[in-house]
Amino acid sequence: PSHSARIPQLLALFPGAKFIHIHRDPSAVFHSMRKFYHRMLPILALQDYRPAEIDSHILWAYPMVMNRLLDSLAGLPPGHAIAVRYDELVADAANTVKRIYCELNLGDFERVKCSMVAYADEYVHDMSPAPTLDHQTASRLALHWGSVYTRLGYPSLASV
């Protein structure tokens, strides 16, 4: 995730690179980021911060990174990037990895199938669903992240 907005720099270092964008429902990402910041900031922060401002930072930062990433990926030639929903990968790792191999022309999937599927089965885990959003949080996500929901193909929160 820390390099998500750096596609042009990565291409400068690795011309012809291919990219796999595995994404989750933005609501789940919000909860995950909130949990991460509340756990890590007390340990790592080098200056004072207000815990109440964490949500505002997440609401600001995520669309900035995601829109830059999605714009960069959209500018790549066909066959150089693929987007995969995390829930698709969890539900059917073998066929999802096969689709990645085929769409990115990464070589003979059958040759590496056993090791790739074994890896996916070991390291890809079904994440518990994100807690239900309260009305205020859902409204804020719809306002600040609506375009990201749309671009990633997730249902809009606008009806909340």
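The legends below cover close-up views of a predicted model.

Local features need pLDDT of at least 70 and side-chain atom pairs pLDDT 80 or more, while totals for chains, interfaces and linings use all residues. Residues are numbered from 1 along each chain as its sequence is written, and side-chain values use heavy atoms, without hydrogens and water.

**View 1. Helix H7 is kinked at Trp145.** H7 spans residues 135-152; helices are DSSP runs of H or I with at least four residues, strands are E runs of at least two, and both are numbered from the N terminus. The expected span is 1.5 Å times one less than the number of residues. The kink is about 75 degrees, taken as the angle between axes fitted to the seven residues ending at a residue and the seven starting there.

**View 2. The two ends of H7.** At the start, a side-chain oxygen of Asp134 comes within 3.1 Å of the backbone nitrogen of Gln136. Just past the helix, Gly153 has a positive phi of about 85 degrees.

**View 3. The buried residues of H7 and their cover.** Thr137, Ala138, Leu141, Trp145, Val148, Tyr149 and Leu152 are buried (under 20% relative accessible area; exposed is over 50%, partly exposed in between; 1.4 Å probe, protein chains only). Their cover includes strand E1 (19-23), helix H2 (26-44) and helix H3 (54-74).

**View 4. The largest nonpolar core has 21 residues.** A nonpolar core is a set of buried Ala, Val, Leu, Ile, Met, Phe, Trp, Tyr and Cys residues joined through side-chain atoms within 4.5 Å. Tyr62, Leu141, Trp145 and Leu152 touch the most other members. H2, H3 and H7 each supply at least two residues. H3 gives the largest share, 8 residues. Beyond four places in sequence, Tyr62 is in contact (heavy atoms within 4.5 Å) with Pro26, Val29, Met33, Trp145, Val148 and Leu152.

**View 5. The structure holds 3 aromatic pairs.** Rings of Phe, Tyr and Trp (its six-membered ring) pair if their centres lie within 6.5 Å; planes under 30 degrees apart are stacked, over 60 edge-to-face, the rest tilted. Phe36 and Tyr37 are edge-to-face, because their centres are 5.6 Å apart and their planes at 70 degrees. Tyr62 and Trp145 are tilted, at 4.1 Å centre to centre and 35 degrees between the planes. Tyr62 lies in H3 and Trp145 in H7, so this pair ties together parts 83 residues apart in sequence. Ring pairs link Phe30, Tyr62 and Trp145 into a cluster.

Terms used. Polar contact = N/O pair within 3.5 Å; in protein donor to acceptor, adjacent residues only side chain to side chain.
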